[in-house]
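Here's a quick tour of a protein model, going from the aromatic rings out to the sheet and the overall numbers. Have the viewer open as you read.

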Amino acid sequence: MTAPGSGWDDAADVAVVGYGAAGAVAAIEAHDAGAEVLLLEKMPHPGGLSIVSAGGIRVAMDAERAFEYLQATCGGRTPLPVLRALADGMVRIPEYLASLARGSGATVTTTPALGNYPFPGTESLAYCEVARAPELDNATEYHAVPGIRGGCKLFSVLEHNVLSRGIRLVMPAAAERLIAGENGEVQGVSVRIGGRVRRIKARRAVILACGGFEHDEEMKRQYLQAMPVLTGAYRGNTGDGIRMAQGVGAALWHMWHYHGGYGLKHSDPAYPFGFPIKLLPIWTPERPGSDSYLGVPEPATAASAVPVAWIVVDQSGQRFMDEYPPYPSDTGVRPSTGSTRRCSAFRGYRVSSSSTRTDAACIRSRGRSRTIRSTVTHGARTT
């Protein structure tokens with residue numbers, strides 16, 4: 001570590017805020033490019049949302065076809081150079097991840113898997129994941145995560161690379177704001193460590209890799225069209241990086257979009273998470289046998305998968321949506337079908353088969369399905 005200089009408590013060439021998968025890779029790449037790196041994580045444990053994920057990385061076998069697919073899915077909302085860079089990177093990820101895995105003896109596999117939607121280029125996509133991480137072979141937990149899942153294996157590979165490079169890590173260390181110079185250039189970051197605010201100089205860059213705003217209720221009220229939205233995501237995602245970027249003049253985009261499926265609210269109002277009703281396989285329209293079971297607990301086969309056991313109707317008893325979309329986590333944005341309602345919000349009901357009971361759900365819609373929520377009260381589910 002070099003001396004921070006006058007007015008600063010610490011210094012590095014690059015300060016990376018957030019130690020999930022994105023922050024880990026950013027720190028690794030900055031280090032390998034010759035930078036002195038400081039990695040900051042506000043929680044007392046690393047991994048973010050990545051460590052509890054299914055661990056599958058969407059990759060591509062053909063960059064041109066992936067570029068076509070990304071253009072279709074983004075609907076003109078994302079600049080083409082950004083999509084081009086993403087498509088090119090998706091092709092390189094399998095070999096990149098394999099190179100990171102060699103040091104720990106981990107095994108990386110790539111499995112062709114159609115895109116979630118039947119758009120041009122869907123056949124070019126695949127999933128890349130860490131199939132085996134020897135360091136976790138006999139583990140029953142990893143950091144704050146009970147049980148070993150795909151995200152644990154992925155993060156263990158990244159953590160091995162961070163540690164083997166000697167990258168400096170400080171946690172818990174909550175970044176609060178970016179420090180800018182007279183001309184607006186970012187010079188460093190203000191971080192709260194052990195109850196004290198410290199000014200950390202970043203001679204070359206500050207990289208924000210600190211997640212979304214799933215656990216910031218005010219930001220959800222401002223940016224999401226439907227309320228309430230219960231989250232199943234990492235509790236550390238409170239929009240810190242977004243606010244810090246705004247503080248130095250950054251513009252925002254795509255703030256309205258989220259993935260969310262059917263879920264239940266816990267009877268304890270203090271419990272912050274929603275419960276997904278079921279993990280459903282992903283399928284592709286007009287492609288028989290295209291089901292993907294990534295993230296569905298084993299055994300995950302077509303024979304063992306539980307079918308959708310409900311329909312959703314409006315107050316007149318009419319169905320207005322496809323209860324099982326190709327990508328179940330997109331229930332927040334798929335169009336409704338068959339309903340003439342166009343009101344800002346209305347109440348609907350989820351009717352289950354006798355084997356799963358009948359319960360009610362509140363649905364908010366603007367011509368499309370939105371958040372679906374049930375509340376558990378005295379053992380009976382009510383709206």
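A residue counts as buried here when its relative accessible area is under 20%. Keep in mind that this is a predicted model. By that cut-off, Tyr 142 and Phe 155 are both buried.

**Rings and charges**

Those two residues make a handy place to start. Searching the whole structure turns up six aromatic pairs. In one of them, the ring centres of Tyr 142 and Phe 155 are 6.5 Å apart and the planes meet at 55 degrees, so this pair is classed as tilted. The pair ties together distant parts of the chain, with Tyr 142 sitting in strand β6 (residues 141-142) and Phe 155 in helix α4 (residues 150-164), 13 residues apart. Tyr 19 joins in as well: ring pairs connect Tyr 19, Tyr 142 and Phe 155 as a cluster.

Arg 58 lies over the face of Tyr 127, and Arg 199 has its charged end over the ring of Trp 8. Here are the distances:

| Arginine | Ring | Distance to ring centre |
|---|---|---|
| Arg 58 | Tyr 127 | 4.2 Å |
| Arg 199 | Trp 8 | 4.6 Å |

**An open sheet and its helix**

Next, the strands. Six of them form an open sheet with mixed pairing, in the order β8-β2-β1-β11-β10-β9. At the edges are β8 (168-170) and β9 (174-180), each of which pairs on one side only. Ignoring direction, neighbouring strands in this sheet are turned by 45 degrees against each other on average.

How do strands β1 and β2 pair, parallel or antiparallel? They run in the parallel sense, with four bridges between β1 (residues 10-17) and β2 (residues 37-40). Ala 15, for instance, has Leu 38 in β2 as its bridge partner. Helix α1 (residues 21-32) lies across β1, β2 and β11 (196-208), and runs at about 170 degrees to β2.

**The whole protein**

Zooming out, the protein has six helices and 18 strands. Of its 383 residues, 42% are buried. Which share of the contacts with a separation of 6 or more comes from residues 24 or more positions apart? That share is 61%.

Note on methods
Residues numbered from 1 in each chain as written. Predicted model: local features only at pLDDT ≥ 70, side-chain atom pairs only at ≥ 80, totals over all residues. Heavy atoms only, no water. Helix = DSSP H or I, 4+ residues; strand = E, 2+ residues; numbered from the N terminus. Buried < 20%, exposed > 50% of the residue type's maximum accessible area, 1.4 Å probe, protein only. Contact = heavy atoms within 4.5 Å. Pairing = 2+ DSSP bridges. Axes fitted to C-alpha atoms, helices over the stretch in contact; angles between N-to-C directions. Phe/Tyr/Trp six-rings, centres within 6.5 Å; stacked < 30°, edge-to-face > 60°. Lys NZ or Arg CZ within 6 Å of the ring centre and 35° of its normal.
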